[in-house]
Amino acid sequence: MEKRVLGRTGRPVSVVGLGTWQLGADWGDVREQDALAVLDAAVESGVTLFDTADVYGDGRSEQLIGRHLKERPDAGVFVATKFGRRVEQRPEHYNLANFRAWADRSRTNLGVDRLDLVQLHCPPTPVYSSDEVFDALDTLVAEERIAAYGVSVETCAEALTAIARPGVASVQIILNAFRLKPLEQVLPAAAEAGVGILARVPLASGLLSGRYTRDTVFPADDHRTYNRHGEAFDQGETFSGVDFATGVEAAVEFSALAPEGATPAGTALRWIVQQLGVTTVIPGARNPGQARANAAAAALPPLSDATLTAVRDLYDRRIRPQVHDRW
């Protein structure tokens, strides 16, 4: 699989990674053996980056990855974890003492001496403008608790503020065919600054797979049921903030754009990989088949100019009027 250097980490990673929120079983049961099978399938398919967080399953996702790292030490997996959501979301909680405690907990969960990458996990907006916060992260690097740090953001404005920080190695942001706003300023700014981009929610919570209808019902413990309007966390994390009915209709049009031999999901991932400035895309997978299919998107032929234009037209007609200015 193609690899790209992840910004200021200096580390090459696969252009398709693996997001592991679902392995924490926060939105639907995932048995331990099934989770490990997903990790194995991803690695066997060329994936070298796992994205996780200390709150995914209250550490379960990190612990499963740690077990995988121990069992497959030669796989060369780069682990990007996140912290900051274990406390009430107030800027004063983002301090050196907490950072040390959170980093040490993740180190224990993952079974490593030094974390490859820690990302602030969608913190309150004022955190991005705090010199003390980034001084504290620099201290973690100096103490060799972490090798590098980045941020996971909700808005383009937060991303641009973070990119201006000289120590920020990477920015994780929602980017998909239904969320184009980062293309305008964030990706060009990141490319110019040498900051890596991790594209999350690449399938708009599954909408872009084309598998859902207006009548699709998700389990009660699935965020696609309980967070459609931002009841539990930022609305953009669920269906990219798009109204479900609107998204289903737009997804039908998107599915028709898939080239011969490509699935709608594979097309959606290939579209992201082609965006200038993207380092890696991090789709989730609930079973080994999904992990393999996601990885295979990296080998698809580049989408044609006509397809790229059609994706933009679909966004401008169906999605932009509803959500663009919000994010």
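The following is a working chat about a predicted model.

Reader: What are the ground rules for the numbers here?
Author: This is a predicted model, in which local features need pLDDT of at least 70 and side-chain atom pairs count only at pLDDT 80 or more, whereas totals for chains, interfaces and linings use all residues. Residues are numbered from 1 along each chain as its sequence is written, and side-chain values use heavy atoms, with hydrogens and water left out.

Reader: Let us start with the sheet. What is the strand order?
Author: The order is S3-S4-S5-S6-S7-S8-S9-S10, an open sheet of eight strands with parallel pairing. Strands are DSSP runs of E with at least two residues, helices are runs of H or I with at least four, and both are numbered from the N terminus. Two strands pair if DSSP finds at least two bridges between them.

Reader: Which strands are at the edges?
Author: S3 and strand S10 (280-281) are the edge strands, and each pairs on one side only.

Reader: How many residues of S5 are buried?
Author: Six of the six residues of strand S5 (residues 78-83) are buried, where buried means under 20% relative accessible area, exposed over 50% and partly exposed in between, with a 1.4 Å probe and protein chains only. Phe78, Ala80 and Lys82 point one way from S5, while Val79, Thr81 and Phe83 point the other way.

Reader: And which residues stand opposite those of S5?
Author: On the S4 side, three bridges join S4 to S5 in parallel, and Phe50 stands opposite Val79. On the S6 side, four bridges join S5 to strand S6 (residues 117-121), also running parallel, and Lys82 stands opposite Gln119.

Reader: What about S8, is it enclosed or open?
Author: Strand S8 (residues 168-174) is largely enclosed by the rest of the structure, because seven of its seven residues are buried. Strand S7 (residues 149-152) pairs with S8 in the parallel sense over three bridges, and Val171 in S8 is the bridge partner of Val151.

Reader: Changing topic: how many aromatic pairs are there?
Author: A search of the whole structure finds 13 aromatic pairs. Rings of Phe, Tyr and Trp (its six-membered ring) pair if their centres lie within 6.5 Å; planes under 30 degrees apart count as stacked, over 60 as edge-to-face and the rest as tilted.
One of the pairs is Trp21 with Tyr56, which counts as stacked because the planes are at 20 degrees, with the ring centres 6.0 Å apart.

Reader: Where do Trp21 and Tyr56 sit in the chain?
Author: Trp21 is in the loop between strand S3 (18-19) and helix H1 (32-44), and Tyr56 is in the loop between strand S4 (49-51) and helix H2 (60-71). Tyr56 is buried, with a relative accessible area of 9%.

Reader: Why is the pair of Phe239 and Phe244 tilted?
Author: Their planes are at 40 degrees, so the pair is tilted, and the ring centres are 5.0 Å apart. Phe239 is buried at a relative accessible area of 1%, and Phe244 is buried at 7%.

Reader: Which residue lies over the face of Phe244?
Author: Arg228 does, at 4.4 Å from the ring centre. A charge sits over a ring if NZ of Lys or CZ of Arg is within 6 Å of the ring centre and within 35 degrees of the ring normal.

Reader: Which residues form an aromatic cluster?
Author: Trp21, Tyr56, Tyr226 and Phe233 form one.

Reader: Now the backbone. What is phi for Val201 and Ala204?
Author: Phi of Val201 is near 50 degrees, a positive value in a residue other than glycine, and phi of Ala204 is also near 50 degrees. Most residues other than glycine have a negative phi. Val201 lies in the loop between strand S9 (196-200) and helix H7 (223-226), and Ala204 is in the loop between S9 and H7.

Reader: Are those two buried or exposed?
Author: Val201 is buried, with a relative accessible area of 15%, and Ala204 is buried at 0%.

Reader: Last topic: what is the volume of the second largest pocket?
Author: The volume is about 150 Å³. On a 1 Å grid over the protein atoms alone, a pocket is an open set of points where a 1.4 Å probe fits, with protein on both sides within 12 Å along at least five of seven lines, and lining residues have an atom within 4 Å of a point. Grid points are joined across faces, edges and corners, and the volume is the space filled by probe spheres set on the points.

Reader: Which residues lie nearest its centre?
Author: Leu69, Val77, Val79, Val112 and Asp116 lie nearest the centre, out of 13 lining residues.
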